[in-house]
Amino acid sequence: MSAKKIGDVVLDVKNISLSFGGVKALADISFDVREHEVRAIIGPNGAGKSSMLNCINGVYTPQQGTISFMGQTFDHMDSHQVAVMGIARTFQNLALFKGMSVIDNIMTGRNLRIKSNLFWQALRIGPAQREEERHREFVEHIIDFLEIQAYRKTPVGQLPYGLQKRVDLGRALAMEPRVLLLDEPMAGMNVEEKQDMCRFVLDVNQEYGTTVVLIEHDMSVVMDISDRVVVLDYGKKIGDGTPDEVRNNKEVISAYLGISH
Amino acid sequence: MAFFLETLLGGLMAGMLYSLVALGFVLIFKASGVFNFAQGAMVLFAALAMARFAEWVPGWLGLESKYLGNVIAFVLAAALMFVLAWLIERLVLRHLVNQEGVTLLMATLGITYFLDGFGQTIFGSAIYKIDVGMPKEPVFLLQGTFQGGVLVNLEDVYAACVATLLVALLSLFFQKTSTGRALRAVADDHQAAQSVGIPLNRIWVIVWFVAGITALVAGIIWGSKLGVQFSLTTVALRALPVIILGGLTSVPGAIIGGLIIGVGEKLSEVYLGPFVGGGIEIWFAYMLALVFLLFRPQGLFGEKIIDRV
């Protein structure tokens, strides 16, 4: 990861607190994400990792705190606005359009970029047709990149889990996001599938300079591919730094191994 | 044999109208998970608007041509359905996002009664004619094959063509346009659709508008056959068994279900009726739906619901 230049802060999360009834999911969490880096959020089950991502994505509204994206500060994010600003995400429990083909699923990621109006689209002539072809070409690149050429027309509901995860990533990539939020992209995968997924994430990060925010609870994977790591435990931030710093952090060790020190 | 064919054709024609109404239900259910009880009221409302605008427009604009008057009336009625879709999203759906299905169902019940009352307040509650120039005279087909031929209403044939055209346009819209793709995406998964920047609110307006247009077409066909009157709303009740038969999430299911119910009603009335003293037509559809609920609750084409436990 030497060629990569880490830039300024693009996403800045400040003092976020989120509770559901009496359960405090996140307590006063702050961290930042710099352009072009791979930033991981790790922590044991129930640490609040997905809640954090859902706050950034606008699915949850935090009770306290602000989130800044590219210099603009928000009390809470709006799902649609987030997509328009260039933040894409994948889902922990696959949220694909199961009845639709792989191509159509990934094409939905181009939705915000399709400009021609409904009337021309329906007639499939002129600019609308050319536009559709251009987007289709882009989607074909993603399909090649993710090595799922053979499954183009297959309804995603019929694909094995590992491939569905790739389609989920492909749909997010089709948005040409500035920031990519990945919610446990390697969950439930075998070693080989994990390696493939790591390769895709790193390639995206290095070739397109896409900033990646990654949630994982598999420590080994995260340490290999991230530039900086935030560690959450029971909704609190217990560590933040480079993988080496985090690895030697006593609190992190005890949270993961459960030993007292 | 000729008589059988006549009954069969009559059933297909009636069934096609059930299909159109059922299609409205399916479109809205697929895209928003709302069981729209107001579909029948929308048929009446759209038909009333069409009938009255066709009456008023020539007077307003001083038009001579009835054809042009009808076209303008159709455009106005369609525009009204768009405003209605927009208002429903603004005033009702937007505030009920992520609520229980039952809550939404009750909301559409409210919309039903509002539309019934409001439509008759502004458009009047008498029986109105819709005259879009459909030919009324019957024709006889296959006179060479059967003695006396098969009696067919030309009006029904026209209606069938219009309905087929509408369904073809809808499937083109759903399968081939990027808006259609967005609609299918919303139908599959709201959250994922939002994450790629598909605006749910706009999609709901579009879906309710499309359902409004199918209601308008169904209302015009039905109204030009039997006149526009309050009983049109009961057509929606006939569409319920159609949906159970075809599956709540399937467009082809709505169409085929409608045809089966239409044909079943007519054939059972004619061929079974005499043995049980008649009146089968009224309850046949519901009995069939009941049988389906017992043995195939997801309908012919509906998605089988598999729950992880």
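1. Start with Met50(B): leaving aside residues up to four places away in sequence, Met50(B) touches Ala73(B), Phe74(B), Ala77(B), Ile130(B), Leu216(B), Gly219(B) and Ile220(B). Touching here means that the C-beta atoms, placed from the backbone, lie within 7 Å. Before going on, some housekeeping. This is a predicted model, where local features need pLDDT of at least 70, side-chain atom pairs count only at pLDDT 80 or more, and totals for chains, interfaces and linings use all residues. Residues are numbered from 1 along each chain as its sequence is written, while chains are lettered from A and ligands numbered from 1 in the order in which they are written.

2. Met50(B) also turns up in the largest nonpolar core, which has 162 residues; Val43(B), Ala46(B), Ala47(B), Met50(B) and Val207(B) are the ones that touch the most other members. Domain 1 (1–86 + 177–261) and domain 2 (98–175) of chain A both give residues to this core, so the core lies between them. A nonpolar core is a set of buried Ala, Val, Leu, Ile, Met, Phe, Trp, Tyr and Cys residues joined through C-beta atoms within 7 Å. Buried means 20 or more other C-beta atoms within 10 Å of the residue's own, exposed means 12 or fewer, and partly exposed is in between.

3. The contact uses 11 residues from domain 1 of chain A and 9 residues from domain 2 of chain A. On the domain 1 side, helix 2 (79–85) and helix 7 (191–208) of chain A each give two or more residues, and helix 7 of chain A has the largest share with 4 residues. That side divides into 9 nonpolar, 1 polar and 1 charged. For the classes, Ala, Val, Leu, Ile, Met, Phe, Trp, Tyr, Cys and Pro count as nonpolar, Asp, Glu, Lys and Arg as charged, and the others, Gly among them, as polar. Helices (H or I, at least four residues) and strands (E, at least two) are DSSP runs, numbered from the N terminus.

4. What about the chain–chain contact? Here 27 residues come from chain A and 20 residues from chain B. Helix 2, helix 3 (102–108) and helix 4 (118–123) of chain A each supply two or more residues to the chain A side, with helix 2 of chain A giving the most, 4 residues. The chain A side divides into 14 nonpolar, 8 polar and 5 charged.

5. One open sheet in chain A has 4 strands in the order 2-1-4-5, with antiparallel pairing; two strands count as paired if DSSP finds at least two bridges between them. Strand 2 (23–34) and strand 5 (72–74) of chain A are the edge strands. Neighbouring strands are turned by 20 degrees against each other on average, direction ignored. Strand 1 (residues 9–20) and strand 2 of chain A pair over 8 bridges, and Leu18(A) has Leu26(A) in strand 2 as its bridge partner. Helix 1 (residues 49–57) of chain A packs on this sheet, with its direction about 65 degrees from that of strand 2 of chain A. Axes are lines fitted to C-alpha atoms, for helices over the stretch in contact, and angles run from 0 to 180 degrees between N-to-C directions.

6. The other open sheet to look at has 6 strands of chain A in the order 6-7-8-3-9-10, with mixed pairing. Strand 6 (87–89) and strand 10 (236–241) of chain A stand at the edges with a single partner strand each, so one side of each is left without a neighbour in the sheet. Helix 1 of chain A packs on this sheet too, and its direction makes about 145 degrees with that of strand 7 of chain A.

7. Ile41(A) is a handy landmark, with bridge partners Ile215(A) in strand 8 of chain A and Val230(A) in strand 9 of chain A. Strand 3 (residues 38–42) of chain A pairs in the parallel sense with strand 8 (residues 211–216) over 5 bridges and with strand 9 over 4 bridges. Strands 9 and 10 of chain A run antiparallel, joined by 5 bridges. They form a hairpin with 2 residues between them, and Tyr234(A) in the turn has a positive phi of about 45 degrees.

Conventions:
Two residues are in contact if their C-beta atoms, placed from the backbone, lie within 7 Å. Domain bounds come from an automatic or database domain assignment.
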